[in-house]
Amino acid sequence: SAASDVYKRQVPFRPFEFQFMFRARNAEEVEAAKLIIESFRAYSKPWFTGSGSGVFHYPHEFRIEFLRLVDDNYETNPHLPMLKYCICKTVNTNYTAQGWKSFDGGAPVDINLTLSFEETEIVTQEDVDGKTSVGDFAKRGYNF
């Protein structure tokens, strides 16, 4: 069929989207939110290999894990699938998530941050079954 022909030519990478709401209570928290957002914006972009070379490095990769708290320690949550290395494709901010509210000086009170990631390796049936044989996670027994 036409659909299977398209799938054979292009197996998609898995996308993920995460949303975070920042509600600053003071100037210190406003600055912390600003630094977090700027860091994601910076690490989602390529950068030059040298001055004026016109050659780029790829954007940074992210290792995202879902954790749970067990006896005051964080461990991988076995109820959620693992993610392979990801790149951050988009960083979206909404500074008027609940209407415009600001501190004196104009810093927003509410900021909604949406991060869109995409894995850098294709997830196969073997990956889902914990039998990964190729790539960065080969023979680790993770379920993707």
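Predicted model: local features only at pLDDT ≥ 70, side-chain atom pairs only at ≥ 80, totals over all residues.
R25 is exposed, with a relative accessible area of 66%. Side chains of opposite charge can pair when their charged atoms come close. A search of the whole structure finds seven salt bridges.

Another of these joins E119 to R14, and the closest N and O atoms are 2.6 Å apart. E119 belongs to strand β8, while R14 belongs to the loop between α1 (2–9) and β1, so the pair ties together parts that are 105 residues apart in sequence. R14 is partly exposed, with a relative accessible area of 23%.

## K84 and its partners

K84 forms a salt bridge with E121, and here the closest N and O atoms lie 3.2 Å apart. K84 is in the loop between β6 and β7, and E121 is in the loop between β8 and α3, so this pair ties together parts that are 37 residues apart in sequence. Both K84 and E121 are buried. Which residues make up the network of salt bridges around this pair? K84, E121 and D127 are linked in it.

K84 also takes part in a contact with an aromatic ring. It lies over the face of F144, at 5.3 Å from the ring centre. F144 in turn forms an aromatic pair with F137, with 5.3 Å from centre to centre and 65 degrees between the planes, an edge-to-face arrangement. F137 and F144 are both buried. A further charge over a ring is found at R63, whose charged end sits over the ring of Y85, 5.9 Å from its centre.

## Aromatic pairs

The whole structure contains nine aromatic pairs. One of them is F18 with F117: the ring centres are 5.9 Å apart and the planes stand at 65 degrees, so the pair is edge-to-face. The limit that matters here is 60 degrees, because planes over that angle count as edge-to-face. F18 lies in strand β1 and F117 in strand β8, 99 residues apart, and the pair links these distant parts of the chain.

F18 and F117 are both buried. They also belong to a cluster: ring pairs link F18, F40, F62, F66 and F117.

## The nonpolar core

The largest nonpolar core has 15 residues. Those with the most contacts inside it are F22, I64, C88, L113, L115 and F117. Which elements supply at least two residues each? They are β1 (15–23), α2 (27–43), β7 (86–94) and β8 (110–119). The largest share, four residues, comes from β8.

Setting aside residues up to four places away in sequence, I64 touches F18, L83, C86 and F117. F18 and F117 are the edge-to-face pair described above.

## F56 in strand β3

F56 is found in strand β3 (residues 56–57).

Leaving aside neighbours within four places in sequence, F56 is in contact with P46, W47, F48 and T49.

## Positive phi at D72 and K139

Two residues other than glycine have a positive phi value: D72, near 65 degrees, and K139, near 60 degrees. Where are they found? D72 lies in the loop between β5 (67–70) and β6 (73–76). K139 is in the segment after α3 (125–128).

D72 counts as exposed, because its relative accessibility is 72%. K139 also counts as exposed, at 71% relative accessibility.

How values were computed: Residues numbered from 1 in each chain as written. Heavy atoms only, no water. Core = buried A, V, L, I, M, F, W, Y, C linked by side-chain atoms within 4.5 Å. Buried < 20%, exposed > 50% of the residue type's maximum accessible area, 1.4 Å probe, protein only. Contact = heavy atoms within 4.5 Å. Phe/Tyr/Trp six-rings, centres within 6.5 Å; stacked < 30°, edge-to-face > 60°. Lys NZ or Arg CZ within 6 Å of the ring centre and 35° of its normal. Salt bridge = Lys/Arg side-chain N within 4 Å of Asp/Glu carboxyl O.
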